[in-house]
Amino acid sequence: MTDWTAGCHCGAVSVRLARAPDEVAECNCSLCLSHGVLWSYFSPREVVIEGATRVYRRADMASPACDLHFCGRCGCTTHWSATAELIATMGEVDRMGVNMRLFDPARLRGLRLMFPDGRGWDKQGDWAFARPDGVMA
């Protein structure tokens, strides 16, 4: 098994994955675009976060779907987790996002690149994925 461990810029927070990501996703919602993140999605049981994170919950939505976690020292976005509001709407959410920009870009080479339609997602169904663009170069 290949080690999938990375950390924030200052090293205060680390992320360890139980497996390699299946794909990476560049969401088009305003939050993801402004943070410049590249997500891979996992069950929370497949991810270990070590170190303290702070949480940002977007203020532009009445019921945000995710809490964005970041290092309180260097500010790097590490992951997102489902909010209580999302769980109340959809039931148990066995999904979280890990910011793959924390990992060496060479590790991502060859993974399928997806563009989820975060702007169009209405919290009523599954995560809407737009077209795959190909693979990470």
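Cys-32 counts as buried at a relative accessibility of 9%, where buried denotes under 20% relative accessible area, exposed over 50% and partly exposed the range in between, computed with a 1.4 Å probe on protein chains only. The closest cysteine sulfur to that of Cys-32 belongs to Cys-29 and lies 3.6 Å away, too far for a bond, since a disulfide is taken as a pair of cysteine sulfur atoms within 2.5 Å. Cys-71, buried at 2% relative accessibility, has its closest cysteine sulfur in Cys-10 at 3.7 Å, which is likewise too far for a bond. The structure accordingly holds 0 disulfides. The model is a predicted one, in which local features need pLDDT of at least 70 and side-chain atom pairs count only at pLDDT 80 or more, while totals for chains, interfaces and linings use all residues. Residues are numbered from 1 along each chain as its sequence is written, and side-chain values use heavy atoms, with hydrogens and water left out.

The secondary structure of the protein chain comes to 3 helices and 11 strands, these being DSSP runs numbered from the N terminus, with helices (H or I) of at least four residues and strands (E) of at least two. Along the sequence, the elements follow the pattern β-β-β-α-β-β-β-β-β-α-β-α-β-β. Of the 137 residues in the protein chain, 39% are buried. Among contacts (heavy atoms within 4.5 Å) between residues at least 6 apart in sequence, 59% join residues at least 24 apart.

Strands β1 and β2 run antiparallel and are joined by 4 bridges, the criterion for pairing being at least two bridges found by DSSP between two strands. Within this arrangement, Ala-6 has Val-15 of β2 as its bridge partner. The two strands form a hairpin with 6 residues between them, and Gly-11 in the turn adopts a positive phi of about 90°. The covered face of β1 carries Trp-4 and Ala-6, whereas Thr-5 and Gly-7 are on the uncovered one.

The largest nonpolar core has 16 residues, of which Leu-17, Val-24, Val-47, Val-98, Met-100, Phe-103 and Leu-108 touch the most other members; such a core is a set of buried Ala, Val, Leu, Ile, Met, Phe, Trp, Tyr and Cys residues joined through side-chain atoms within 4.5 Å. Two or more residues of this core come from each of β1 (4–7), β2 (14–17) and β9 (96–99). A second, separate core of 12 residues includes Ala-25, Cys-29, Cys-32 and Cys-66. In soluble globular proteins, nonpolar side chains tend to be buried together.

Phe-103 is buried, with a relative accessibility of 4%, and, neighbours within four places in sequence being left aside, is in contact with Trp-4, Thr-5, Ala-6, Val-15, Leu-17 and Val-98. Trp-4 is buried as well, at 7% relative accessibility. The structure holds 2 aromatic pairs, defined for rings of Phe, Tyr and Trp (its six-membered ring) whose centres lie within 6.5 Å, with planes under 30 degrees apart classed as stacked, over 60 as edge-to-face and the rest as tilted. The rings of Trp-4 and Phe-103 have centres 5.6 Å apart and planes at 55°, so this pair is tilted. Because Trp-4 lies in strand β1 and Phe-103 in the loop between β9 and α3 (105–108), the pair ties together parts that are 99 residues apart in sequence. Arg-107 lies over the face of Trp-4, at 4.0 Å from the ring centre, a charge being assigned to a ring if NZ of Lys or CZ of Arg is within 6 Å of the ring centre and within 35 degrees of the ring normal.

Arg-95 lies over the face of Tyr-41, at 4.6 Å from the ring centre. Tyr-41 is located in strand β4 and is buried, with a relative accessible area of 15%. From β4 (residues 39–42), Trp-39 and Tyr-41 point one way and Ser-40 and Phe-42 the other way, all of them being buried. Strand β4 is joined to β9 by 4 bridges in an antiparallel manner, and the partner of Phe-42 in β9 is Met-96.

Gly-51 is placed in the loop between β5 (47–50) and β6 (53–56) and counts as partly exposed at 44% relative accessibility. Apart from neighbours within four places in sequence, Gly-51 is in contact with Ala-12 and Val-13. The C-alpha atoms of Gly-51 and Val-13 are separated by 4.4 Å, although these residues are 38 apart along the chain.
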